[in-house]
Amino acid sequence: MSQPEDLTAVHRRIDELVQRVADLERTVDRLNEAVPAAPSRPAPKDRRPDVVTIPDTPYNAALWTDSDDEGLGLRHRRAP
């Protein structure tokens with residue numbers, strides 16, 4: 001195909017796309033009019049999201065004892 005033919009084909013496809021989008025918008029509008037709106041349910045007030053607060057204080061060094069057992073390598077030694 002030549003360049004003008006390619007451009008003509010692209011313009012034709014764009015026109016088809018615009019028409020189909022317009023058809024789809026009309027269909028959605030008709031469906032929205034036909035279906036009654038669902039009542040909105042308020043969120044339960046007694047339920048709070050799971051929030052974990054992380055303190056700004058440094059961690060206790062005792063938390064890291066025996067960390068060698070977790071596959072992190074030996075303390076004060078280089079990894080192989």
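Asp 23 is partly exposed, because its relative accessibility is 32%, and partly exposed covers the range between buried (under 20% relative accessible area) and exposed (over 50%), with a 1.4 Å probe and protein chains only. This is a predicted model: local features need pLDDT of at least 70, side-chain atom pairs count only at pLDDT 80 or more, and totals for chains, interfaces and linings use all residues. Residues are numbered from 1 along each chain as its sequence is written, and side-chain values use heavy atoms, without hydrogens and water.

**Salt bridge**
- Asp 23 and Arg 26 join their side chains in a salt bridge, 2.2 Å from N to O.
- The term means a side-chain nitrogen of Lys or Arg within 4 Å of a carboxyl oxygen of Asp or Glu.
- The count by this rule is 1 salt bridge.
- The two residues sit about one helical turn apart, because they are 3 residues apart in helix α1.
- Arg 26 is also partly exposed, at 42% relative accessible area.

**Whole chain**
- The protein chain has 1 helix and 0 strands; these are DSSP runs, numbered from the N terminus (helices: H or I, at least four residues; strands: E, at least two).
- Of its 80 residues, 1% count as buried.
- Its accessible surface is about 8800 Å², and carbon and sulfur atoms hold 56% of that.
- Accessible areas come from the Shrake-Rupley method with a 1.4 Å probe; for residues, only the protein chains shown count as cover.

**Ile 54**
- Ile 54 lies in the segment after α1 (3-34).
- Ile 54 counts as exposed because its relative accessibility is 60%.
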